[in-house]
Amino acid sequence: MARPTTPSLQIRFGQRIRRLRESRGWSFTYLAIHSGVAKSTLLELEKGRTEPRLNTIAALAGSFDKSISELFKGL
């Protein structure tokens, strides 16, 4: 019997960022300007194609008015 696989932390983090962005009605452009993170980086993060750097995580947490630990809670 195949064991169910859990998406990687990288994918779950990207999904969390997308949900937070969409729940606020923010576009990639808005989040990029608000956070200082490039749109191309945001796209790669949301698709789970790249691992975020610590500065990027901190910038995104600040943009969503969350601490870094809150941003990762439940992942």
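Colleague: Which residues does glycine 48 touch, leaving out those up to four places away in sequence?

Modeller: With those left out, glycine 48 touches Gln10 and Ile11. Keep in mind that this is a predicted model.

Colleague: Okay. Where is glycine 48 found?

Modeller: Glycine 48 sits in the loop between H3 and H4.

Colleague: And how far apart are glycine 48 and glutamine 10, in sequence and in space?

Modeller: In sequence, glycine 48 and glutamine 10 are 38 residues apart. In space, their C-alpha atoms are 5.3 Å apart.

Colleague: Is glycine 48 buried or exposed?

Modeller: Glycine 48 counts as buried, because its relative accessibility is 13% and the cut-off for buried is under 20%.

Colleague: Let's switch to charges. How many salt bridges are there?

Modeller: The count comes to three salt bridges.

Colleague: Which residues are linked in a network of salt bridges?

Modeller: That network links Arg21, Glu22 and Glu46. The side chains of arginine 21 and glutamate 22 meet at 3.9 Å, N to O. For glutamate 46 and arginine 21, the N to O figure is 2.7 Å.

Colleague: Are glutamate 46 and arginine 21 buried or exposed?

Modeller: Both glutamate 46 and arginine 21 are buried. For arginine 21, the relative accessible area is 8%. Glutamate 22 is partly exposed, at 49%.

Colleague: What does glutamate 44 form a salt bridge with?

Modeller: Glutamate 44 pairs with arginine 49, and their closest N and O atoms are 3.3 Å apart. Glutamate 44 counts as partly exposed at 27% relative accessibility. Arginine 49 counts as exposed because its value is 52% and exposed means over 50%.

Colleague: New topic: helix packing. At what angle do H2 and H3 pack?

Modeller: Helix H2, residues 28–35, packs with H3 at an angle of about 115°, and their axes are 9 Å apart. H2 and H3 are therefore roughly perpendicular to each other.

Colleague: Is the crossing of H2 and H3 right-handed or left-handed?

Modeller: The crossing of H2 and H3 is right-handed.

Colleague: Which residues make the contact?

Modeller: On the H2 side there are Phe28, Thr29, Leu31 and Ala32. H3 brings in Lys39, Leu42, Leu43 and Glu46. The residues of this contact of H2 with H3 divide into five nonpolar, one polar and two charged.

Colleague: You listed Leu43 there. Is leucine 43 buried, exposed or partly exposed?

Modeller: Leucine 43 is partly exposed, with a relative accessible area of 33%. Leucine 43 and arginine 18 are 25 residues apart in sequence, while their C-alpha atoms are 9.2 Å apart in space.

Colleague: One last stop. Where is the place of serine 63?

Modeller: Serine 63 is in helix H4, which covers residues 54–63. Serine 63 counts as buried, at 5% relative accessibility.

Colleague: What does serine 63 touch, again not counting residues up to four places away in sequence?

Modeller: By that count, serine 63 touches Trp26, Leu31, His34 and Ser35. Leu31 also turned up among the H2 residues in the contact with H3.

Key
Residues numbered from 1 in each chain as written. Predicted model: local features only at pLDDT ≥ 70, side-chain atom pairs only at ≥ 80, totals over all residues. Heavy atoms only, no water. Salt bridge = Lys/Arg side-chain N within 4 Å of Asp/Glu carboxyl O. Buried < 20%, exposed > 50% of the residue type's maximum accessible area, 1.4 Å probe, protein only. Axes fitted to C-alpha atoms, helices over the stretch in contact; angles between N-to-C directions. Helix = DSSP H or I, 4+ residues; strand = E, 2+ residues; numbered from the N terminus. Parallel < 35°, antiparallel > 145°, perpendicular 65-115°, else oblique. Left-handed = near helix turned anticlockwise from the far one by under 90°. Contact = heavy atoms within 4.5 Å. Nonpolar A, V, L, I, M, F, W, Y, C, P; charged D, E, K, R; others polar.
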